[in-house]
Amino acid sequence: MQLNHLKALVAIVDTGGFNSAAAKLGLTQAAVSMQIKRLEEWLGFELFERSVRPPRLNNAGLELLDQAREIVELCERFRDSAPGSSRLRGTIKIGAVTGLSHFIPQTLSDLRAKYRHLQVQIVSGFAGDLAHAVVRGRLEAAVITQFPELDPDLNSRPIFSDSMVVVAPRSYAGQSDTEILSNNPYVGPNRNTEVGRLIENSLSKRKINSDQIMEFDTVDTLLMMVLHGLAVGINPRTTIGDRYLDDVYLAPFDAPPIQRTVSLIQRRESRRPQFLDALYDSLCQVVVHDSSKVQTASH
């Protein structure tokens, strides 16, 4: 038996089939099938039910899956901890919730000098879905707006905290968040996001009856609505940047302002700990740089 045989087994389960596993591993489907066949020959029994399409693990395969995954992760951690870890190759998938992906390009650019042979794919989604994908091993890590109850198998490292602000036309300067939200059409973030839930809970608790006319998925939609005088909105301060500061009025949302915490989550037993440590450090540096620009532009 070879380590590649176990990698093929884990990849098939994580990706949902032989074809997608082959794509992930950079092999042909025939090569993946051969690796599984040799693993089964070495074990002396079959691991998949081949009477269904796509083939799925049988009971014996299910019993061995966790051990196979543990062996693969142990070997990869051993490799990544070696002095030559900068020569890591292959593909790594990192999740990022919508609204945070603007931090990623500069972060990856900073890491390329050290990990130039490692391809990084960014996957967008809701925080809960990304966290589940990290637990299942489909993502190596994710940058999310952290929610209260993470899976115990996950480790969370906070990157920064961000205040919520009401975004309104410049002519509204001096009005409170309650005045603005009670007297104008309102657009809010998707309620399925953690930011959306934080905002909804605060509005409900404060009994603010806002006239919500739509939900938005990107900050550009919010800003266009505000700049055209069609609505006001609420979003984290860092997402606004400095481009429109002369044209919009930002009022703190709630007192003290509601905060969201952005974190890097990963499995406690990560396969690439050195890379994720470097990713975290780079994210923190990029955020500090961007935050200083925002503060400068606000004065």
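In which helix is the place of V13? In this predicted model, V13 belongs to helix α1. Once residues up to four places away in sequence are set aside, V13 touches L57, L65 and R69. A further reference point for V13 is E49, which lies 36 residues away along the chain; the C-alpha atoms of V13 and E49 are separated by 13 Å.

Two packed helices are described by the angle between their axes and the distance between the axes. Helix α1 covers residues 3–15 and helix α2 covers residues 18–25. Their axes lie 8 Å apart and meet at an angle of about 120°. Because of this angle, α1 counts as oblique to α2. The crossing in which α1 passes α2 is right-handed.

The residues that form this contact can be named on both sides. From α1 come K7, A8, A11, I12, D14 and T15, while α2 supplies F18, S20, A21, K24 and L25. Sorted by class, the contact of α1 with α2 comprises six nonpolar, two polar and three charged residues.

Aromatic rings provide another way to read the model. How many aromatic pairs does a search of the whole structure find? The search finds one. A ring also takes part in an arrangement with a charged residue: R157 lies over the face of Y280, at 4.7 Å from the ring centre.

How values were computed:
Residues are numbered from 1 along each chain as its sequence is written. This is a predicted model: local features need pLDDT of at least 70, side-chain atom pairs count only at pLDDT 80 or more; totals for chains, interfaces and linings use all residues. Side-chain values use heavy atoms; hydrogens and water are left out. Rings of Phe, Tyr and Trp (its six-membered ring) pair if their centres lie within 6.5 Å; planes under 30 degrees apart count as stacked, over 60 as edge-to-face and the rest as tilted. A charge sits over a ring if NZ of Lys or CZ of Arg is within 6 Å of the ring centre and within 35 degrees of the ring normal. Axes are lines fitted to C-alpha atoms, for helices over the stretch in contact, and angles run from 0 to 180 degrees between N-to-C directions. Helices (H or I, at least four residues) and strands (E, at least two) are DSSP runs, numbered from the N terminus. Angles under 35 degrees count as roughly parallel, over 145 as roughly antiparallel, 65 to 115 as roughly perpendicular and the rest as oblique. A crossing is left-handed if the near helix is turned anticlockwise from the far one by less than a right angle, and right-handed if clockwise. Contact means heavy atoms within 4.5 Å. Ala, Val, Leu, Ile, Met, Phe, Trp, Tyr, Cys and Pro count as nonpolar, Asp, Glu, Lys and Arg as charged, and the others, Gly among them, as polar.
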